[in-house]
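Here is a set of questions and answers on how the terms used for one structure follow from their definitions.

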Amino acid sequence: MTGGTPAQRQARAVRLGPRSVAALLLVSAVGVAGFGWPFLAPPDASLNAHAQDAPWLFAGLLVLLVAVVAATISESGLGPKAVAMLGVLAAAGAALRPIGAGTAGLEPMFFLMVLSGRVLGPGFGFVLGSVTMFASALLTGGVGPWMPFQMLSMGWFTMGAGLLPGPDRLRGRAELLMLAAYGFLAAFAYGTVMNLAGWTFMNTLASDIAFDPDASVPDNLARFVAYCLATSLGWDGGRAAMTVVLTLTLGTTLLKALRRATRRAAFEAPVTFEESGEVSRPT
């Protein structure tokens, strides 16, 4: 038995099958509709007559679709070792989230999601982000109608890191800078997307930055931008800054640890037979 070729020893991301890709596209499409319906529906659309009901409807649907995605990916690519790693990383992320809760958006779990998605790929990243947010909600008592939106947003956040270029070639300082830049921008994107989930619940009589079902799309867009600036800019900035700092300071060590664990788990590693009759497996 040998240690395998360098290509076999390379840490491999969990691959997605056709059904998993289709499920991810479906849940993402419904998620875009769930988050963006205030800008997708014209002012005179019947949907706006139920502006307070639509987020609840989409929330229930998103829970089902995220469950379908998780089951499909598990069936097509996640073996026992990958499931074990998923559990460990999700538990670590859930434990990290309460550390900075309520303190200017200082949430260390985001940097762990960036690095995990980078090493383990977009499919694993989407499931990891969703499961981590679900576990965190159970841990902190944050279960509510916003939870499916958080699960989907964190799934996108982690999946995006897995879609960054050069997963097999880019290493060192250049990779850390790329991940830090992604974490900075994606932290603001996460906050902005989550604002869409709560913005429509505001009463237009209470604020001139709340969603108005009778207003035009440009007017509501201006209201939404003002809402983000007034309510979450400082929080998102703290999250982005912490993600950058932790990525640059701890990223090298954690990336090495994740890649070593992935190689030892040998996700989807092929078993080959050499001419001597010995079985060759990656180590």
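Q: What is the mean pLDDT of the protein, and what share of its residues reach 70 or more?
A: The mean is 76, and 68% of the residues reach 70 or more; pLDDT is the predictor's confidence in each residue, on a scale from 0 to 100. This is a predicted model, in which local features need pLDDT of at least 70 and side-chain atom pairs count only at pLDDT 80 or more, whereas totals for chains, interfaces and linings use all residues. Residues are numbered from 1 along each chain as its sequence is written, and side-chain values use heavy atoms, with hydrogens and water left out.

Q: Where in the protein is confidence lowest, and where is it highest?
A: Confidence is lowest in helix α1 (residues 6-9), with a mean of 43, and highest in helix α5 (residues 109-120), at 92. The pLDDT is below 50 over residues 1-9, a stretch that has 21 contacts in the model beyond near neighbours in sequence. It is also below 50 over residues 270-274, where the corresponding number of contacts is 14. Contact here means heavy atoms within 4.5 Å.

Q: How many helices and strands are there in the protein?
A: There are 10 helices and 2 strands. Along the sequence the pattern is α-α-α-α-α-α-α-α-α-α-β-β. Both kinds of element are DSSP runs numbered from the N terminus: helices are H or I with at least four residues, strands are E with at least two.

Q: Why is α7 called roughly antiparallel to α8?
A: Helix α7 (residues 147-162) and helix α8 (residues 173-199) pack at an angle of about 160°, with axes 10 Å apart. Axes are lines fitted to C-alpha atoms, for helices over the stretch in contact, and the angle between N-to-C directions runs from 0 to 180 degrees. Angles under 35 degrees count as roughly parallel, over 145 as roughly antiparallel, 65 to 115 as roughly perpendicular and the rest as oblique. The angle therefore makes α7 roughly antiparallel to α8.

Q: Which residues of α7 and α8 make the contact?
A: On α7 they are F149, Q150, S153, M154, W156, F157, G160 and A161, and on α8 they are Y182, G183, A186, A187, Y190, V193, M194 and A197. By class, the contact of α7 with α8 has 12 nonpolar, 4 polar and no charged residues. Ala, Val, Leu, Ile, Met, Phe, Trp, Tyr, Cys and Pro count as nonpolar, Asp, Glu, Lys and Arg as charged, and the others, Gly among them, as polar.

Q: How do you know whether S116 is buried or exposed?
A: Buried means under 20% relative accessible area, exposed over 50%, and partly exposed in between (1.4 Å probe, protein chains only). S116 has 0%, so S116 is buried. S116 lies in helix α5 and, leaving aside neighbours within four places in sequence, is in contact with L89, G121, L128 and L258.

Q: Why is L24 classed as it is for burial?
A: The relative accessible area of L24 is 7%, so L24 is buried. L24 lies in helix α2 (residues 18-40). L24 and V127 are 103 residues apart in sequence and 9.9 Å apart in space, C-alpha to C-alpha.

Q: What makes T252 partly exposed?
A: T252 has a relative accessible area of 38%, so T252 is partly exposed. T252 lies in helix α10 (residues 233-265).
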